[in-house]
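Have the structure open while you read.

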Amino acid sequence: MHKRRLLKGAAAAALALLAPAWAAAQAFPPKPTVTIVVGFAAGGAADAAARVIGKKLGENLGITVVIDNKPGAGGNIAHQFVAKGPSDGATLLFGSVGPLTVAPHLMKLGYDPVKDLAPITMGVNFPNVLVVHAGLKIRTLAEFIDYAKKNPGKLDYASTGPGSASHLAGEMLNHMAKIETVHIPYKGGAPAMQDLLAGRVASYYSTYSTAQPHIDSGALVPLASTGPKRLAALPNVPTIAESGFPGYSATNWYAFLASSKVPAAILDRWNVELVKVLKSPEVAAELNKHGMPPQPGTREDLAREIERETATWGKVIRERKIVVQ
């Protein structure tokens with residue numbers, strides 16, 4: 001009996017010591033101010049989507065949500081910041097396909113996207129659209145490719161950084177069309193668009209939300225979209241695949257992740273809250289208006305998508321011998 005009492009006492013003491021840490025791990029929201037880190041400059045598609053989602057998240061939870069733009073290196077600066085950052089669950093990453101699935105095949109990173117980042121939910125998934133400056137007098141993808149073949153190395157295209165979805169979209173078309181367009185990396189969609197409008201770069205594999213007002217004004221000409229089917233907002237603009245390059249597909253997506261050191265209970269709760277936001281009619285309507293349909297899912301869904309695209313882009317990069325310029 002005496003030994004049993006000692007064991008019960010030891011167990012109770014251990015639980016008492018663990019209780020504060022356990023309670024802290026379960027506390028939600030982790031802090032009254034939560035930060036969503038975005039890897040691209042303010043004004044671009046990732047920033048716009050994060051702000052729409054963050055606003056509703058703050059309203060639902062009664063907290064302050066801050067959008068922290070950390071552009072550079074195709075989004076890798078932001079991803080490393082979160083991967084190596086605080087583990088209290090108050091810092092979320094609005095991660096993107098490039099740093100998570102492409103960059104590991106192209107460059108040495110200061111973090112491991114799989115080991116150092118924990119998936120929460122997919123956010124939005126959408127194709128880009130290849131647009132050119134109206135001053136080029138190019139009106140179709142066929143004319144674009146014809147010009148590139150007659151003037152190798154003279155046409156360039158903007159991207160949101162090395163290893164980004166827009167970078168790989170251009171490299172894939174280079175390979176499939178046997179052309180040589182020059183990659184010009186930027187720190188986000190907004191600065192890329194500024195240079196395109198100014199005529200300092202010829203083309204850009206842009207998100208529809210970034211390009212839409214300039215397409216409407218006639219400053220930019222949409223040639224083709226990069227996904228498996230046409231953009232609903234641009235029904236008369238063909239896909240690259242149906243324009244003579246079957247099998248071409250390069251979609252873009254942004255997803256929520258956090259440091260892998262964040263307790264699983266907090267990650268699970270963030271999934272519940274973010275899925276609720278992404279499913280809300282007003283958020284879905286706003287994101288769809290910008291050509292970025294929401295795609296909420298489970299943590300496991302996102303993990304599988306990252307694994308699948310990592311394998312896909314690794315194969316593409318090896319076969320096409322793509323290197324970062």
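Which residues form one aromatic cluster? The members are Phe 40, Phe 94, Phe 126, Tyr 254 and Phe 256. Before going further, some ground rules: this is a predicted model, where local features need pLDDT of at least 70 and side-chain atom pairs count only at pLDDT 80 or more, while totals for chains, interfaces and linings use all residues. Residues are numbered from 1 along each chain as its sequence is written, and side-chain values use heavy atoms, with hydrogens and water left out.

**The overall picture**

The chain has 325 residues, and 53% of them count as buried (buried is under 20% relative accessible area, exposed over 50%, partly exposed in between, with a 1.4 Å probe and protein chains only). Its C-alpha trace spans about 90 × 40 × 30 Å along the principal axes. You'll find 11 helices and 10 strands; these are DSSP runs numbered from the N terminus, helices being H or I with at least four residues and strands E with at least two.

**Aromatic pairs**

Searching the whole structure turns up 6 aromatic pairs. Rings of Phe, Tyr and Trp (its six-membered ring) pair if their centres lie within 6.5 Å; planes under 30 degrees apart count as stacked, over 60 as edge-to-face and the rest as tilted. Two of these pairs are set out here.

| Pair | Centre to centre | Angle between planes | Type |
|---|---|---|---|
| Phe 28 and Trp 270 | 4.7 Å | 70° | edge-to-face |
| Phe 126 and Tyr 254 | 5.7 Å | 50° | tilted |

Phe 28 sits in the loop between helix 1 (2-26) and strand 1, and Trp 270 in helix 9 (residues 264-279), so their pair ties together parts that are 242 residues apart in sequence. Both Phe 28 and Trp 270 are buried. Phe 28 is also worth a look for its backbone: a cis peptide bond joins Phe 28 and Pro 29, with omega about -5°. Pro 29 is in the loop between helix 1 and strand 1.

Phe 126 is buried at a relative accessible area of 1%, and Tyr 254 is buried at 5%.

**Inside the protein: a cavity and a pocket**

On a 1 Å grid over the protein atoms alone, a cavity is a set of points where a 1.4 Å probe fits but cannot get out, and a pocket is an open set with protein on both sides within 12 Å along at least five of seven lines; lining residues have an atom within 4 Å of a point. The search finds 1 cavity of 30 Å³ or more, and the largest cavity has a volume of about 130 Å³. Of its 19 lining residues, the closest to the centre are Phe 40, Thr 160, Thr 207, Asn 252 and Tyr 254. That lining has 8 nonpolar, 11 polar and no charged residues (Ala, Val, Leu, Ile, Met, Phe, Trp, Tyr, Cys and Pro count as nonpolar, Asp, Glu, Lys and Arg as charged, and the others, Gly among them, as polar).

The largest pocket holds about 370 Å³ of space. It is lined by 16 residues, with Pro 127, Lys 229, Arg 230, Leu 231 and Pro 293 nearest its centre. Strand 4 (117-127) and helix 10 (281-289) are the elements that give two or more residues to this lining, and strand 4 gives the most, with 3. The pocket lining divides into 8 nonpolar, 5 polar and 3 charged residues.

**Strands**

Strand 1 (residues 33-38) and strand 2 (residues 64-69) run parallel and are joined by 6 bridges (two strands pair if DSSP finds at least two bridges between them). Ile 36 has Ile 67 of strand 2 as its bridge partner. Strand 5 (residues 129-133) and strand 9 run antiparallel, with 5 bridges, and there Leu 130 partners Ala 224 in strand 9. In strand 9 (residues 220-225), 6 of 6 residues are buried.

**Two residues with positive phi**

Ala 73 has a positive phi of about 55° although it is not a glycine. Ala 73 lies in the loop between strand 2 and helix 3 (76-83) and is partly exposed, at 43% relative accessible area. Lys 137 is another non-glycine with positive phi, near 65°. Lys 137 lies in the loop between strand 5 and helix 5 (141-150) and counts as exposed, at 64% relative accessibility.

Terms used:
Grid points are joined across faces, edges and corners, and a volume is the space filled by probe spheres set on the points.
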